[in-house]
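Please look over the model shown below, which the questions and answers after it then take up.

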Amino acid sequence: MKTGPWRRARRGSGILAATLLLPAMLHPAQAQQQAAPPAAGRRVAITFDDLPYVHASAPEAGGKRAAADANRAIVTVLKRQRVPATGFVTEQHVRALGDAGPDLLREWNRGLLELGNHGATHADSNRLDVDGIGREVADGEATIRPMAEAAGRKLRFFRFPYNHVGDTAEKRQAAEALLAGRGYRLAAATIDTSDYVFDQAYERALAGADDWMRRRIEEAYLAHSRTQIAYYAALDRTVLGYEPPAILLLHLNRLNAATLDRLLRLVRQQGYRFVSLDEAQSDPAYRESPRVATKYGPMWGYRWANERQVKVDGSKEQEPPEWVARYAEGK
């Protein structure tokens, strides 16, 4: 599944084999052992994509009730633990839920929670020209801009679907200029837990009322997340010489609703404290986006490595267990 150090960041992203990057990265187990610098300096921002619910258009995945339950569970944990988070909204998911869609977003527009733009239709920017990207951005504001402004807030961050930020240098530069013109910063992502892979399996277990498999998937997801957090911390240190604030990419799904309390506890155990996306991206590492054009969606550690010509070996990164993907596909 992995052919090089360009990590899949979203469903369908694919892999890019980087030709200039050679083996120098740690094995995941080594990374986990060596990934804990002094706890006081570690920070992480939590982000969720595909609000208000990743499966909003899939009635077999629970429909409005599942969307409401997943939102309620995630927001409750975030508030109880006083964890800032940014929720990136896909407008078509809002509309798919009817009147319930905007209602589910209101809690994300208060306190330590913040709305971000994830586009109108979750379109892949690789398949759009710059005008098409502009329409995705503008139309993605239909619900959330009035909502944010009514609360005296601004929309500050945009994240491209599939983490695709420009498959050519020209498109990447034009897209970032377009975002800046509308008052956005490009949202970074530095930790990928492949939660979308586990979520596909999780939804199958839920549909089959298979509680044993559901619990097994939850535990496998948390174990994989622990490994990924360590891996990406080591990657960032290898490339930058230090750990900038990390940015964890998750999705608004029932898997994260069931495991978020444990996942946040796991993150704290690695010595992190939680900060807003704005505070995380105030670090100098994020002053400019990596000047890397790719049709794939790697985490920023790989982009920084490519930009700086630092030798890393992404094949050392651990994939989700093979049995999870097989179960998700019904095998």
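Q: How far apart are the end C-alpha atoms of helix 2 (residues 63-80)?
A: This is a predicted model, in which local features need pLDDT of at least 70, side-chain atom pairs count only at pLDDT 80 or more, and totals for chains, interfaces and linings use all residues. Residues are numbered from 1 along each chain as its sequence is written, and side-chain values use heavy atoms, with hydrogens and water left out. Helices (H or I, at least four residues) and strands (E, at least two) are DSSP runs, numbered from the N terminus. At 1.5 Å a residue, taken times one less than the number of residues, the 18 residues of helix 2 should span 26 Å, and this agrees with the distance between its end C-alpha atoms, 26 Å.

Q: Within what arc do the buried residues of helix 2 fall?
A: Buried means under 20% relative accessible area and exposed over 50%, with partly exposed in between (1.4 Å probe, protein chains only). The buried residues of helix 2 include Gly63, Ala66, Ala70 and Leu78. Seen down the helix axis, with directions taken from the axis to the C-beta atoms, the buried residues line one face of helix 2, because they fall within an arc of 160 degrees.

Q: Which residues on the other side of helix 2 are exposed?
A: The buried residues pack against strand 1 (42-51) and helix 10 (254-269), among others. On the other side of helix 2, the exposed residues are Arg65 and Arg80.

Q: Is Arg42 buried or exposed?
A: Arg42 is found in strand 1. At 3% relative accessibility, Arg42 counts as buried.

Key:
Contact means heavy atoms within 4.5 Å.
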